[in-house]
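Biologist: Please show me the model, and then I will ask how some of its labels were reached.

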Amino acid sequence: MFERFTTQARQTVRLALSEARVLGASRIGAEHLLLGLAHGRSGPAADALRAAGLDAPGIRKLAAVQPDAAPLDADSLALLGIDLDQVTRAAEAAFGPGALDRPARPEPAASTRARMTAESREAMALALRLAQTRHDKEISSGHLLAGIIDQGNNGALRLLAAADVDPAALRADTVRRMATAA
């Protein structure tokens with residue numbers, strides 16, 4: 001599939017890998033692909049994101065505050081005999097105030113291979129399907145953004161919601177830009 005990617009779409013994936021590492025993620029998620037798309041200087045995805053008021057620094061800021069997992073449930077932990085307040089006090093005594101509030105930052109992987117989450121792989125598959133449906137010979141940044149949005153539930157869509165951006169309107173604008181660029 002990657003052989004059908006435009007240079008810009010390949011660059012998006014490379015930037016997504018870089019963004020995942022900066023944010024401390026071990027794999028590339030749809031939110032990292034969105035960040036990679038926002039780095040673009042031009043093209044349907046970059047232009048549509050900019051028109052929606054989004055840029056890479058703004059999306060990165062939103063991504064940094066999005067929780068990776070559900071918060072700890074004190075009642076469920078109590079059933080197991082774990083007192084969350086006691087654990088929190090001990091962690092803060094050892095590591096400082098708010099120690100459990102900060103996300104752990106794994107060491108960046110030494111490999112430059114892009115390991116992707118299931119949601120980012122599905123977004124790429126949807127981008128390919130859109131290109132096939134439109135009889136496009138290549139997969140562009142616009143196809144990638146539409147694929148991310150078409151997935152229906154992923155980290156990128158949560159970031160768009162946090163930015164008060166309507167995914168359907170963003171997709172429509174992206175597809176319109178793809179049609180005028182062809």
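Biologist: What makes the contact between the side chains of Arg176 and Asp173 a salt bridge?

Modeller: This is a predicted model, and in it the N to O distance for Arg176 and Asp173 is 2.6 Å. The cut-off is 4 Å between a side-chain nitrogen of Lys or Arg and a carboxyl oxygen of Asp or Glu, so the pair of Arg176 and Asp173 qualifies. Both residues lie in helix 10, 3 residues apart, about one turn of the helix. An α-helix has 3.6 residues a turn, so residues three or four places apart point the same way. Asp173 and Arg176 also belong to a network of salt bridges with Arg177.

Biologist: Why is Asp173 called buried?

Modeller: Its relative accessible area is 15%, and buried means under 20%, so Asp173 is buried.

Biologist: Which salt bridge involves Asp150?

Modeller: The side chain of Asp150 pairs with that of Arg171 at 2.5 Å, N to O. Asp150 lies in helix 8 and Arg171 in helix 10, so the pair ties together parts that are 21 residues apart in sequence. Asp150 at 34% and Arg171 at 23% both fall between 20% and 50%, so each is partly exposed.

Biologist: Why is Glu19 buried, and what is Arg60?

Modeller: Glu19 has 4% relative accessibility, under 20%, so Glu19 counts as buried. Arg60 has 25%, which is between the limits, so Arg60 is partly exposed. Their side chains meet in a salt bridge at 2.8 Å, N to O. Arg60 lies in helix 4 and Glu19 in helix 1, so the pair ties together parts that are 41 residues apart in sequence.

Biologist: What makes Gln151 buried?

Modeller: Gln151, in helix 8, has a relative accessible area of 16%, under 20%, so Gln151 is buried. Its side chain makes a polar contact with the side chain of Asn154 at 2.8 Å.

Key. Residues are numbered from 1 along each chain as its sequence is written. This is a predicted model: local features need pLDDT of at least 70, side-chain atom pairs count only at pLDDT 80 or more; totals for chains, interfaces and linings use all residues. Side-chain values use heavy atoms; hydrogens and water are left out. Helices (H or I, at least four residues) and strands (E, at least two) are DSSP runs, numbered from the N terminus. Buried means under 20% relative accessible area, exposed over 50%, partly exposed in between (1.4 Å probe, protein chains only). A polar contact is a pair of N or O atoms within 3.5 Å; within protein, one must be able to donate a hydrogen and the other to accept it, and residues adjacent in sequence count only if both atoms are side-chain atoms.
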